Structures are given as C-alpha cells and as structure tokens.
Amino acid sequence: MNDFFKRMFGHLAKETQKETSVDKEVQLFINDFVNEAIDTKEGYTIKLSTLEYYKMLKTKPVGFKKDVVRLLIYYKNIGYRGINNSWVKESYYVKDVFSKLVSLLMRSSDVIFDEDELLQLSKELSAKKKDYFYTSEWPIIPFLSKVEKLAKNTTLTPKLKQSLDHIQRLVSNQRYVYADETKVLNRIKLIKEGPKQFSISSSDKLGKAILSTTKAFNGEKQEAFILLLNHFSKGREKSAPTKAWLKDAKSEIELIGKEFLVTSFISWIGLIIQILKDIHKDKSYEFTFASDENIQLLRSSIWMSSLLNDKDLNQAVEDLGLWSFKKLSGHGAVSVKLGNACIYAFSKLPYKHGVSRLTKFRMKIKYPSVQSLITKAIVRVAEAEGKTMDEIEELAVQDFKLNYDYQLIQNFNVYKGIITIVDSSTVTLLWENEKGKQIKTVPKYVRDNFPTELRVFKKQVKDIQTNLSAQRNRIEKIFLGKRQWTFLQWKELYLENKLLAFFGTKLIWNFTKDNKTISAIYYKGKFVDTHGAVNIDFKKSIVELWHPVTATVKEVELWRAWLLENQVKQPFKQAHREVYIVTDAEKTTNSYSNRYAAHIIRQHIFNALCRERGWRYQLQGQWDSHNIPTLYIPSWKYRIEFWTETEGVHDSANEMGIFNYLQTDQVRFYDEFNQVNMIDVPSIVFSECMRDVDLFVGVTSIGADPNWRDGGEERYQGYWISFSFGELATSGLERKALLENLIPKLQIKEQCSFEGNFLVVKGKLRIYKIHMGSGNILMKPNDQYLCIVADRKKEQNVFLPFEGDSTLSTILSKAFMLANDDKIKDKTITSQIERH
C-alpha cells in the first residue's frame, strides 16, 4: 500500500500530471458510481447508501475501499470532472458525492489505515491549502476518528503530529471559526494530548464549584471522588457513554453515595443554568461560559444522572437541556453538547420518567437535527420496551394526580392552591381561604411559610400547560397515524389518565365490533352518539379516532349540532374539521395540484409554521439554498411536497440575505416508490395534507396582514386585495358555515347579515363588511378599507365548539366592536370610520 501512496500522491507535486497509475478497475468503478448518483438524485443531494454501486462497494475487499478513498481525494484536489468532462454541469454535486463517499468509507469499521497511510491522507486532505482549511470541504471528523483509534494503541510519530499541527493551523487561520471548526480543533488537541488524568480549570465558576465539591471530602471519600472525576474525563471524544463507562460509573456511585452526588450535580447544573440565563438576558454573542475540561465533567455528570434517577436531579437536567438549546439570536443554541447529553440521560431513564421529558423537548426545541435526535431516542426506548413509538409516548404521559374536574389541589395549612385546566391552552391558578373564598393572588401566609412548596406547586402550572400542548399536538397527528386500540387499552389511556381524559372525553371515537362501527363520545359518564346514550358491549371493540372525511355529510352535521347544543369544546377541530376532496381541476392536472399556487407568503412565518406542523423546510436566501417543504407520513409511507419559488422575490431579501417572501406553487404526493396521481391519494392523506397547505397560505399570506394595504410593497397590492376580499378557501367556507349557525344566537344578531363572502355588521355610524377568509374589513358605501389589528386580550367570550381558529375569534371580536362603533375610543380606528 505504501508503494501505492508514492505512485499516486507523488503526482500532485507535478502540476502537469493529470492521471494516476491506480488500478483501472477502481477508476471505472468510481466513474460508474458517480454516474448512478447523478442519474438518481432528487434536488441537490442524495443518500448514497441507497445506491446499487454503494451496496456493491460494501462487498469489495478492504484494499479496494482504501484505493477508492485515496483516488477520491486525489480527484477532488485536481478538480476531476469525469471522463470527457461529462460531470462539468454537476461539478458541485459531484464534489459533494466525493466527500460523502469518503466519509462513509472512513467510518467503516473494517477500513483501517496504518500510521504511514494516515500521514499521507493527512497531507492530502490539506493539499493546496496554503493559508486556511474549511472543514466543510472534507469529512475531517471521520479521518480524526481513525487517528484516535490508532493513538489508543500506539504513540503517534512526530511526523503525524506535525501534520495534525498543520491542519490545526490552517483551520485556526480562517476569518471566522464556527462551531464545526471549533469541534475539529478540540478533537486534534485531545488526540495530541493523549490519555491523561482529569483536569479542572479554575478560570470559570463551574471549575471553582467542582473544586469546592472535591475539597468537601476527606480521606477515602475524596480519593473515590477523584477517581470519579478521572472517570468523567474519559470519553471526551464520544457523543454518548459506552456500556463500559456506565458500568464503571455504577461502581463509583456505590463508593461515594447517591445523595451526595445528586446534591453536587444539582448545584453544578444550577450554576450553569444561571450563567445561560444571563447570556440570554445580555444577548452575549461571544462567550465561553466554561472551559472544555469543565464542560466534559459536567456532561459526564448528566450522563450519570440517568443511573441516579432522582426526581429533583431529573428536573434540573430538563431545565439545563431547554436552556442549552434555547436559541440565541445570531448564534443558535448556546451549548449543543450539554443539550445532547440531557437528551441521552432521559433516553436511559425508565420510560415513565424519561419519555414525557423527551416529548416536551421535541415540542419546545425546533432545530431539525435535535428533533431527529429526540425522535431516535424515543424510538430506542420504545424498542427496548417492545412497544412502538406511539405506544410508549402515550404510556409515559403524566396525569399530575388531577381529579375528575381536571384540577390539582394542594393544601397549605388553611389555604388551598387550585390549578385548573380550562382548555388545552389555558391553565389557571386560584387560591381559597378557610372559608372557601377565592383569592387570585398568592396569600402572604403561604409565601412566608411555604416558599419551597409554593415554588414547586407554581411550576406545576407550567408543566401541566406544556404537557397539554404536547398531547394536543400528538393526538391531532393520530389522524394520519393509523392508530388503533383495544377498548381496554383506550380506556386506560384516554379515560383513566386524567390529563389524557381531558382530550378523550371531548373527542369523537369510532368503536368497531363484528364489522359494525359506531361513532360516540364519552359525555357525563356514559357513551353517547348524536341521538343519546349508546348501549353496546364496548369491551370487545377496536377504537379509532373519528375523522369527518370517513363520515357522511349528515353524520358530520349531526355531530356539529350536538357539540353546540351540549357546549362541548373540542381541543382542536374534529367535527368542524375542514374536509378536502380532489377537485375537477386536480383530476385534469392529474399528477399535481395548483389549488394553492400563486400566493405571496411571508417566509419566516411560513418556516416557523412548517416546523410546528412537522414539515421539513429551511429558510431560502441569496445563496444555493433551494429546498422543497416536505412532509413525511411514515404510517402511510407517503411524502408530500409543497413547491415554492423565489424567482419573483429575489429582491425581497433582508440584510442577512434571506428572502422575506416566497411564491407558492404545486402540491405533489409520492408513495415510497413513485409520484401518485391526485385521484389515487388516500382520502384522509389528501385531506389532512391539503389542510396543512391551506393553513400555511391562510396564515402566512401577505393578504392576512391587515397593515399591508398602507405599508406593503406596491407591486403586491393587487394580490393583497384579491386574497383579502376574494373567494373563500375551504377553511373560509367552513368558517362561514359556522358563523351562519352562531350569529343567530348572539346579542348582535339583529345587526348582522351575510353577503357573499362577507359578514355584514350594521353599526351606529357605518355598515361594515368582514371577509370570512382573511378577517379584513371594508366599509359601505364606497368599500373603504378599515384597518383594525386584533387585540387577543379583548376577544369576546363567545362559545366556540373547538379551539385553534384565531381568525374566527378575530372576526367575532371585530363584529362585536363594530356593532357598537359609537363607543370605540381608539383614534386610529375612529379616524378611519369618520373619513368619508
């Protein structure tokens, strides 16, 4: 092999040399591999492990794989463009393929390089790099992993250390050293230092706290604690502890004692949390809150927390994880390393303690990479328990010891604290004295005499609220999950767990037995359908969440009427859920839908909404950033794409180069093999996905911004008008149907009527037309625009049979205000009304 290096890399010193003497078979293989990658790519990337040539490569001898690595590095360094320049148009993509393939091969456990080979690879990875080295150009981390493995078994030669020094200098010489570069620099530093005893840096608060903990011991206990810290220093290069590391950690716990470790770890974590809070408060952009040595010790304590499984320590780890991942503007997450350690710790706890915290993380932390990490962690827990991911998440839901009124009551001597779930977005805290009189603020007696208990109790409000939001989002996704339960499973989850029962008793369920299905809701202690109590043997039935797309129009109407009559407020739209069916236009286009094309949407809001709804998308800007918003539905093995364009909005970029707006285009559906024609998409998949797209457009369109007419760009004024006052989308039509049912029950009914797509309100001063799609307002007789920005705090207390339609709430709020327009005091509104 060394002769090969001499033959091959010696050519690089000669600028005129264009070919190598490597085996022709390897050259041809790489050429065919890259051609397959080009032929099968979609967009700008591809998963190489799915290629047939990659599967073939895995069966090749180790020597052949090494030759591929070396030749790929050589080709990239000389700008190789394929036989007869056939890859010129795909040169950027081909270089990406080279890098990914080198990474895959170098991560292979069977591909092992000796020191001379690693020395040559080190030189060639940084070939032609005189001043700087971008780590993104080559998979440097897999290369360093190979060096680390070698360093564990032998001392590195001076030449290899010098070569690593060279890479280190090149990386450091960049104008900006980002997180990836810092990771490489730290990795090289650890390799050169080799195995060593732990060290604590006293230059920061964390180091001083750890030293203080060490000095608190005497004799054998101190020796044991020092051994623990030495154990903590191991695995610095690992993203998670090994089984051997955890086994040794268990022994250390027995020597030192669980109680002392829990107290110490909580203290260290609390210190770092306060530092992170200060960083976010001061918006520090350049900071080092703890040295690498001290961070490693803290990270190891977080790993060990999974073995200790203490309630207070688990809570501290949760708080640290959320603060570590909290986005700092212009920087991102403050400490991914600590955040990832928290995710790992929860994945190793008994599932009843860990999974609910992981679910909370997944709801609050929106980075795609972290979302993926959390999902993988939950899947590992589920597999270990012999469950699916859906099952383990349901089983792990805390009930917070709620009573049947969805309250948590705690006594503080003569006072009671009462936490009450109002709806899935509202949790209240009230107090009662010994006479049963309600008090809104915390009694002074409780503050003075129960400070610790009060702090814990008040935190329950946030915890219940967070879990409510997480469960509402999870349950709504069941529509596309193909989830079924036996009746006894369903009863244990959605009736006996009181937090889930808050949802289970407000939703409609299908119960199937002997091929017969009925829909029912659990109301006031019994199952009822739209006609009253249902008397069947539920115990042997299979339960599913009811969806209106599977029901008749008559059944949907009956359920809607039942909810209004019985004042049952659903946590999200179910009976009133918009149903989307394939239109004649979509049957004509056949392979795609143009139903939501040609809209101008606000990209930043769209990006946030995509993440909330589970779609994959990244902001697009004035760089090679094009990507397609995509939803994956594992249970159906479907992929949905909502195409967006930037051609007409290139000049709308902000100072960061990110486009403020996007233009919408087609919606396409794919199964695991091919694109699917509209008519062949399963009805529930089509309806739910088009509902998401309708939501995206309805919320993020510039037409949904009431201030646009006066402050928006002139070129989009025509679109704004057509959206604000044009035809109603499916969501608008559903809103109109509900308003037609609601308005006759309200005190302003005599002042309201309907005119096409508008709710017409007759005030004392003027007549107003509220568009039931956008919520925007025109005034008669000349259709003068009236700009009113909704105040969420002043929305009318009108019963709605579901949560979540902010536009509907806004329309009702505006209707009540305008019905009494002579009492409006806001001059920004009255000045518009008085202008004729």
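Q: Two strands pair if DSSP finds at least two bridges between them. What makes strand S7 a partner of S12?
A: Two bridges join S7 (residues 485-486) to S12. The cut-off is at least two bridges, so S7 and S12 pair. They run antiparallel, and Trp-485 stands opposite Val-543 in S12. This is a predicted model, in which local features need pLDDT of at least 70 and side-chain atom pairs count only at pLDDT 80 or more, while totals for chains, interfaces and linings use all residues. Residues are numbered from 1 along each chain as its sequence is written, and side-chain values use heavy atoms, leaving out hydrogens and water.

Q: How many bridges join S8 to S12?
A: Four bridges link strand S8 (residues 509-513) to S12, again antiparallel. Here Phe-511 is the residue opposite Val-543. The strands are DSSP runs of E, at least two residues; helices are runs of H or I, at least four; both are numbered from the N terminus.

Q: Why is Ala-598 called exposed?
A: Its relative accessible area is 60%. That is over 50%, so Ala-598 counts as exposed. Ala-598 sits in the loop between H25 and S13. Its phi is positive, near 70°, though it is not glycine.

Q: What about Asn-590: which class does it fall in?
A: At 32% relative accessible area, Asn-590 is partly exposed. Asn-590 is found in the loop between helix H25 (584-589) and S13. It too is a non-glycine residue with positive phi, about 70°.

Q: What makes Ile-605, Leu-695 and Val-699 a patch?
A: Patch members need over 30% relative accessible area and no salt bridge; nonpolar side chains (Val, Leu, Ile, Met, Phe, Trp, Tyr) are joined within 5 Å, like charges within 9 Å. A salt bridge is a Lys or Arg side-chain nitrogen within 4 Å of an Asp or Glu carboxyl oxygen. Leu-695, at 31%, is partly exposed, and it lies in helix H27 (residues 683-700). Together the three residues have about 200 Å² of accessible area, from the Shrake-Rupley method with a 1.4 Å probe, counting only the protein chains shown as cover for residues.

Q: Which residues touch the most other members of the largest nonpolar core?
A: They are Leu-261, Trp-268, Ile-272, Phe-289, Ile-302 and Met-304, out of 63 residues. Helix H13 (residues 258-282) gives the most to this core, with ten residues. A nonpolar core is a set of buried Ala, Val, Leu, Ile, Met, Phe, Trp, Tyr and Cys residues joined through side-chain atoms within 4.5 Å. A second, separate core has 51 residues, including Phe-33 and Tyr-75.

Q: What does Trp-268 touch?
A: Contact means heavy atoms within 4.5 Å. Leaving aside residues up to four places away in sequence, the partners of Trp-268 include Leu-206, Phe-225, Leu-298 and Ser-301.

Q: Which residues of helix H26 are buried, and where do they pack?
A: Gln-603, Phe-606, Asn-607, Leu-609 and Cys-610 are the buried residues of H26 (residues 603-613). They pack against strand S13 (600-602), S15, strand S16 (661-670) and H27.

How values were computed:
Buried means under 20% relative accessible area, exposed over 50%, partly exposed in between (1.4 Å probe, protein chains only).
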